[in-house]
Structures are given as C-alpha cells and as structure tokens.
Amino acid sequence: MTVSGIGMTSQRARARMLERLKEQGIKDPVVLAAMNAVPRHPFLEESIQQRAYDDTPLPIGQGQTISSPYTVARSCELVFRGQTLDRVLEIGGGCGYQAAVLSKLAKEVLSLERIAKLVGRARLTLRELRINNVLIKNVDGTLGYRSAAPFDAIVVAAVMPYIPEELKLQLKPGGRLVAPVGAGESQRLIVVEAEPEGGFKERELEAVKFVPLLSGVS
Ligand code: SAH
C-alpha cells in the first residue's frame, strides 16, 4: 500500500467522488471537506486501489468491507452538528477509513475493531497519512467503551440487532449515535439523540446494508 501509489488519477477520482456525494444529497460543507481531505486508496490493497473512489463497498480482507463513500459521508453528516466534536467513538474500525474522515470532524476519535489484523493495518495507514488523533483498540465494541465515555458522537459500522442501552448511556447530552439496526437484508439506519434533559429521541431512516456486528476478538 502506498499513499502516492496512483498519483494524479486519485485526485481526479476524488473530485468526481465529491461531485457524486453532493448529487446524492450530502450537503454539510465540513463533511464534504473531510471526505475531500482523506484519500481512500491507501486504505485498500494495491490490486483494488484503482476502484477506491467508486461508490461501492470494497473488500479489506478477513471477510470485511470498507463502507461506500456515501455510507461514510451519510453517517458523518448524521452525527456532525456544525462544530468540531470533542470525542467520537467508532464501533467497527475496519481499515480505518471512516475513523480518518471522523478525525477531521473531531478532536479525538476512538475506534474499536475486533479483528487484530485489521487493527494493525489501519494503524499503519493512519500513521502513513500522519493522522494522530485516532486511537484504535482491538476489542469487542458491542457495548462501547465506558471508561472513555461520554462521547459527542458514536458511529456504528456493523449491523446490530438492537441498540444496547449501555451504548446510549455513553452519549453526552445532545450527543448523537448512528447505527444500522436489523439483520441480513432487513436493516435500517437509526439515529439516537441524547436529550439534554435526559431520555433519548430516536429516528428511523433509510434501508442500508452493513456487515454484521460479531462478538469477541479475533
Ligand atoms: N468503518 C469501517 C467499516 C468496516 S466494516 C471502514 O471504514 O473500513 C465493519 C467492521 O466492524 C469490520 O471490520 C468488523 O470486523 C467490525 N466489527 C464487527 N463486530 C465488531 C465488534 N463487536 N466490535 C468491534 N468491531 C466489530
């Protein structure tokens, strides 16, 4: 994997990706700037880097996939509220791409990934890109990370059967969580907002397709 690997082609491809994201309805200028700032090809094996800016999930090894650019931008837009977030939790770090995008929207990103091989590779790529405000931990993230809570935002990148109460409780008042909920072909994106006076407001959004959340580390 190389950062400069596909050179100018990737800059043009990234510009096209940005145009497509706008056509698909991504509006937040800060989220679009973050998508523009982070190259996507260094997170992929060289053999598929030329497809890095296509609007599609791609394999990252270990049977896992990097989410499509639209999915990443959409999740970011749903938790971002115009101001730099203080602390963000990502569950399902994979290759580290979404964590890298989140790193442009937040002071600190904590990303949890259960597969050690992916953690190792993600750390290398982030270092290569000089992204220093992402910490990746090789743990089962199903119940979040209580000792680092509360978070301004929690982004879940693998489908859960339901959102555990324990996760919601790790949000700051006013904070937002976005997660795919369901199973198999029947999944929807859910946004939970922690209300300042206590309690949670939930919104069910579009149908989505994510890999499953699994338990344990490997
Ligand atoms: N955001 C990632 C998407 C990766 S796909 C990216 O940008 O590449 C979802 C990831 O969730 C997979 O890597 C999978 O191993 C991980 N995952 C699944 N269950 C998990 C769990 N309980 N805890 C932490 N990570 C989990």
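## Aromatic pairing

A search of the whole structure, which is a predicted model, finds one aromatic pair. Rings of Phe, Tyr and Trp (its six-membered ring) are paired if their centres lie within 6.5 Å; planes under 30 degrees apart count as stacked, over 60 as edge-to-face and the rest as tilted. The ring centres of Phe43 and Tyr97 are 5.6 Å apart and the planes stand at 75°, so the pair is edge-to-face. Phe43 belongs to the loop between helix 2 (29–37) and strand 1 (58–61) and Tyr97 to helix 4, so the pair ties together parts that are 54 residues apart in sequence. Helices (H or I, at least four residues) and strands (E, at least two) are DSSP runs, numbered from the N terminus.

## Basis of the model

Residues are numbered from 1 along each chain as its sequence is written, and side-chain values use heavy atoms, with hydrogens and water left out. Because this is a predicted model, local features need pLDDT of at least 70 and side-chain atom pairs count only at pLDDT 80 or more, whereas totals for chains, interfaces and linings use all residues.

## The ligand shell

Around the ligand there are 26 residues, of which Glu90, Glu113, Asp140, Gly141 and Leu214 come nearest; a residue is near a molecule if one of its heavy atoms lies within 4 Å of it. The shell comprises 13 nonpolar, nine polar and four charged residues. In this division Ala, Val, Leu, Ile, Met, Phe, Trp, Tyr, Cys and Pro count as nonpolar, Asp, Glu, Lys and Arg as charged, and the others, Gly among them, as polar.

Strand 2 (64–66) and helix 4 (97–103) each supply at least two residues of this shell. Strand 2 gives the most, with three residues.

## Polar contacts and cover

Polar contacts are pairs of N or O atoms within 3.5 Å. A polar side-chain atom of Glu113 lies 2.7 Å from an oxygen atom of the ligand. The protein covers 99% of the 590 Å² of accessible area that the ligand has on its own (Shrake-Rupley method, 1.4 Å probe).

## Backbone features

The peptide bond from Ala149 to Pro150 is cis, with omega near 5°. Pro150 is found in the loop between strand 5 (134–137) and strand 6 (151–156).

Gln62, although not a glycine, has a positive phi of about 60°. Gln62 is located in the loop between strand 1 and strand 2.

Terms used. A polar contact is a pair of N or O atoms within 3.5 Å; within protein, one must be able to donate a hydrogen and the other to accept it, and residues adjacent in sequence count only if both atoms are side-chain atoms.
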